[in-house]
Amino acid sequence: MIQYLRSPWLAIALIAATSVYAALAASVPGWAERGFASPVFAALCGALALCTLVCAVERTRVAVRTLRAGATAPSALLSAPHAGSAPLAAESADEALDAASRELRTVGLRVRRSDGGLVASANAWGALGSPVFHWALVLLFFAVAGGRLTRAEGAIDLPLGRFVTDESPSYLPGAVE
């Protein structure tokens with residue numbers, strides 16, 4: 001089940017479905033209140049929140065591993081073709097390493113020379129950006145859900161010349177006499 005929730009395709013599908021549903025609920029006259037209170041919308045948002053929570057945990061694990069490893073870029077990254085890469089026209093190995101070093105620096109990596117090669121690393125704290133973003137989304141889902149569960153809504157009977165507080169009991173029929 002966790003493996004299924006980690007799927008980026010599921011998250012994309014849930015984001016798309018929630019967006020389409022919200023757009024329809026907001027655009028159909030008289031349906032906004034019922035559409036956003038619907039169990040279908042709650043289920044879509046709940047599933048998306050669960051996917052985001054699983055993703056946040058996974059991204060936090062990766063960030064911790066990256067920080068412990070010193071944020072060294074994996075060798076697959078250094079040997080993979082880059083969309084913006086240019087062929088190196090070098091006369092010697094030193095020129096090739098200099099050109100490769102310049103290319104790696106253009107994508108934001110720190111580069112240093114080692115025995116016969118280059119070692120590239122990313123900013124160690126840059127690994128925390130994605131987990132912090134995903135945890136913020138999880139907190140947003142919980143805040144919205146908490147707000148929906150604790151709010152009072154509907155019409156309040158307002159008798160003339162009386163003061164009515166905005167509290168849950170005031171929304172009950174016949175509460176204000």
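## A walk through the predicted model

Residues are numbered from 1 along each chain as its sequence is written, and side-chain values use heavy atoms, with hydrogens and water left out.

Arg6 has a relative accessible area of 37%, so this residue is partly exposed; buried means under 20%, exposed over 50%, and partly exposed in between, with a 1.4 Å probe and protein chains only. Leaving aside neighbours within four places in sequence, Arg6 is in contact with Val54 and Glu58, where contact means heavy atoms within 4.5 Å. Thr52 is 46 residues from Arg6 in sequence, and their C-alpha atoms are 8.4 Å apart.

Side chains of opposite charge can pair when their charged atoms come close. A salt bridge is counted when a side-chain nitrogen of Lys or Arg lies within 4 Å of a carboxyl oxygen of Asp or Glu, and by this rule there are 2 salt bridges. One of them joins the side chains of Arg6 and Glu58, at 3.8 Å from N to O. Because Arg6 lies in the loop between α1 and α2 while Glu58 belongs to helix α4 (residues 39-68), the pair ties together parts that are 52 residues apart in sequence.

Another salt bridge brings together Arg113 and Asp98, at 2.4 Å from N to O. This pair links distant parts of the chain, with Arg113 in strand β1 (residues 110-114) and Asp98 in helix α6, 15 residues apart. Arg113 is partly exposed at 41% relative accessibility, and Asp98 is partly exposed at 37%.

Helix α6 itself covers residues 93-106. Its 14 residues reach 20 Å from first C-alpha to last, close to the 20 Å expected at 1.5 Å a residue; the expected span is 1.5 Å times one less than the number of residues. Ala99, Ser101 and Leu104 are buried in α6. After α6 comes Gly108, with a positive phi near 90°.

Now for the rings. A search of the whole structure finds 3 aromatic pairs; rings of Phe, Tyr and Trp (its six-membered ring) pair if their centres lie within 6.5 Å, and planes under 30 degrees apart count as stacked, over 60 as edge-to-face and the rest as tilted. Tyr21 and Trp31 have ring centres 5.5 Å apart and planes at 55°, so this pair is tilted. Tyr21 lies in helix α2 and Trp31 in the loop between α2 and α3 (32-36), so the pair ties together parts 10 residues apart in sequence. Tyr21 is buried at 12%, whereas Trp31 is partly exposed at 26%. The rings of Phe36 and Phe41 have centres 5.1 Å apart and planes at 80°, so they form an edge-to-face pair. Ring pairs link Tyr21, Trp31, Phe36 and Phe41 into a cluster.

Stepping back, the protein has 7 helices and 2 strands, in the order α-α-α-α-α-α-β-β-α. Of its 177 residues, 20% count as buried.

Notes: This is a predicted model: local features need pLDDT of at least 70, side-chain atom pairs count only at pLDDT 80 or more; totals for chains, interfaces and linings use all residues. Helices (H or I, at least four residues) and strands (E, at least two) are DSSP runs, numbered from the N terminus.
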